[in-house]
Amino acid sequence: MPNRFLFLLTALLVIAGVARADDYRLRALMMIQNDFQAKGQAGLDRLETDSLQHVCNKYSDKPPEALLRLVEADQLATVKYPADGRLMGDWREGEKIAQSGRGFTWTDKPGLPVGGNCYNCHEISPKELSFGTLGPSLRNFGRNRGNTPEMRQYVFSKIFNAKSFNACSAMPRFGYIGALNEEQIRHLVALLLDPDSPVNQ
Amino acid sequence: MKQSIAVAATLAMVIGGFCSQAVAKDTRSAAAVAAAPTPAAKDAATAEFDKFREVMEDSNPAELFEAKGEDLWQTRRGPKSVALADSCDLGLGIGVVKGAYVQMPRYFADAGKVMDAERRIVWCMIEKQGFSAEELFRTPFANENFTPEPTSLVTYVAGASRNLKIAVPIDEPHVQDVYRLGREVFSFRAGPYDFACATCHGEDGKRIRMQQLPNLAKKEEAIRAYQGWPGYRMTGGFMLTQQWRMNDCFRQQRFPEPRYLSDTVTSLLTYLTANANGNVYKGPGIKR
């Protein structure tokens with residue numbers, strides 16, 4: 001539901017004395033709706049939370065188990081697999097995508113392609129020592145997990161929509177939001193799973 | 001003059017080999033030699049920069065902006081030809097600057113608002129000196145060719161709190177209220193990447209690439225978001241305030257832009273600063 005409705009509704013509720021002054025989450029939401037301006041490609045629509053963000057915000061990233069499963073199933077259903085069934089691309093291309101952190105800020109040029117941002121949060125190839133630690137290390141990912149069809153499908157799904165397996169994960173939903181296309185995700189799958197990829201050396 | 005300092009600083013960095021890029025490369029090759037590079041070894045880059053910063057702080061370029069700010073504070077200016085020193089109350093009485101910075105954000109009854117230092121100073125410029133709000137809001141942050149007056153004023157006021165303990169009056173009900181709003185803003189996820197401030201700043205010991213991320217919900221680490229601001233930025237060579245820092249965080253969060261001096265930014269600054277209460281503020285600093 002667009003937040004503007006929520007905002008108007010909240011404002012009315014506060015005026016009517018129904019919403020409580022100590023409902024800080026609602027009040028913060030109202031404040032945020034007032035305090036931002038569109039800039040570059042970053043429009044105000046970005047403040048409108050979708051159902052997933054809404055659930056994670058509401059439960060401080062820890063929704064109850066039953067809801068968690070529902071949300072994850074919902075997110076998994078958004079994953080679009082390649083029509084030709086091919087899930088492995090070229091790990092060299094994958095490495096380039098993993099390196100780039102560009103895209104979607106108000107100073108970035110609008111449009112695609114944008115970067116995968118992978119090294120911002122993950123250790124991946126042993127050759128790149130400038131990596132973040134917000135996500136788990138992906139070193140030896142393929143060697144440890146195996147380059148099976150199931151694993152390829154899992155990795156493709158995870159990159160397409162990370163929330164399919166962990167509803168309130170910190171990882172963006174790259175395919176779902178249209179940041180990475182099918183071909184790019186294939187390259188990233190190869191970066192992680194191809195036995196020749198430096199990840200598995 | 002500013003330009004020459006920037007040049008000198010750049011030269012110092014290059015000659016000293018302290019440029020963060022260079023350090024990062026050195027560390028890379030050093031770490032590559034070692035069989036199993038540990039995160040601790042790689043954070044040597046950060047340690048090197050900290051050393052460099054210590055050296056630089058003996059002749060901190062921020063002091064020039066403090067001097068400029070003091071001049072602006074003392075001089076009769078604006079359509080009303082009034083000095084801030086004779087009209088502006090930063091919470092400790094009209095004209096009192098010592099200790100004011102580390103006790104903001106605080107509630108100001110005359111404005112009916114909780115305000116951070118920059119917001120209060122700009123409020124005084126508009127209300128007391130008669131400056132145009134539109135003008136002040138047009139270019140709020142510094143660039144290579146321009147330093148907004150509020151930036152110099154904030155630097156001056158911040159300098160007058162050097163070596164004092166951070167003491168946001170968190171028990172005051174208005175401040176408490178805004179603090180709680182700030183805590184909610186901190187964890188609000190939205191935008192194309194589903195990011196909240198807390199996504200990157202809610203856990204201990206994390207990094208984006210080589211950049212360490214303080215856990216801003218914790219007292220020991222919240223100080224890291226406060227220390228060194230306002231800061232003289234080596235890249236480009238100009239002064240930036242916490243208002244700018246919050247603005248750029250939202251940019252990286254892929255959000256639209258927070259309005260300058262808005263309630264949302266004040267609430268975040270209230271949350272972050274009060275979390276750092278009790279730590280000693282070292283004054284305006286140096287940033288990469």
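Modeller: Start with helix 6 (residues 117-127) and helix 8 (residues 149-159) of chain B, which pack at an angle of about 120 degrees with their axes 10 Å apart. Helices (H or I, at least four residues) and strands (E, at least two) are DSSP runs, numbered from the N terminus. Axes are lines fitted to C-alpha atoms, for helices over the stretch in contact, and angles run from 0 to 180 degrees between N-to-C directions.

Biologist: What does that angle make helix 6 of chain B relative to helix 8 of chain B?
Modeller: Oblique, because of that angle. Under 35 degrees counts as roughly parallel, over 145 as roughly antiparallel, 65 to 115 as roughly perpendicular, and the rest as oblique.

Biologist: Before we go on, what kind of model is this, and how is it numbered?
Modeller: It is a predicted model: local features need pLDDT of at least 70, side-chain atom pairs count only at pLDDT 80 or more, and totals for chains, interfaces and linings use all residues. Residues are numbered from 1 along each chain as its sequence is written, while chains are lettered from A and ligands numbered from 1 in the order in which they are written.

Biologist: Back to the pair. Which residues of helix 6 of chain B meet helix 8 of chain B?
Modeller: B:A117, B:E118, B:I121, B:V122 and B:M125 do. Across from them in helix 8 of chain B are B:P150, B:L153, B:V154, B:V157 and B:A158. Contact here means that C-beta atoms, placed from the backbone, lie within 7 Å.

Biologist: How does that contact split by class?
Modeller: Nine residues are nonpolar, none polar and one charged. Ala, Val, Leu, Ile, Met, Phe, Trp, Tyr, Cys and Pro count as nonpolar, Asp, Glu, Lys and Arg as charged, and the others, Gly among them, as polar.

Biologist: Now helix 12 and helix 13 of chain B: at what angle do they cross?
Modeller: Helix 12 (residues 242-252) and helix 13 (residues 263-275) of chain B cross at roughly 105 degrees, and their axes come within 10 Å. They are therefore roughly perpendicular to each other. B:Q242, B:Q243 and B:M246 of helix 12 touch B:V265, B:L268 and B:L269 of helix 13.

Biologist: Switching to sheets. In what order do the three strands of the open sheet in chain B run?
Modeller: The order is 7-6-10, with mixed pairing. Strands pair if DSSP finds at least two bridges between them. Strand 7 (238-240) and strand 10 (284-287) of chain B stand at the edges with a single partner strand each, so one side of each lacks a neighbour in the sheet.

Biologist: How many bridges join strand 6 of chain B to strand 10 of chain B?
Modeller: Four, and the two strands run parallel. B:G228 stands opposite B:P284 in strand 10.

Biologist: What about B:K219, where is that found?
Modeller: In helix 11 (residues 219-226) of chain B. B:K219 has 14 C-beta neighbours inside 10 Å, so it counts as partly exposed. Buried takes 20 or more other C-beta atoms within 10 Å, exposed is 12 or fewer, and partly exposed lies in between; C-beta atoms are placed from the backbone. B:N277 is 58 residues away in sequence, yet 7.3 Å away in space, C-alpha to C-alpha.

Biologist: And how many residues of chain A are in contact with chain B?
Modeller: 39 residues of chain A, with 38 residues of chain B. Helix 2 of chain A gives the most to its side, with seven residues. Strand 1 of chain A also pairs with strand 8 (residues 257-258) of chain B, antiparallel, over two bridges. There, A:Q37 stands opposite B:E257.

Conventions:
Two residues are in contact if their C-beta atoms, placed from the backbone, lie within 7 Å.
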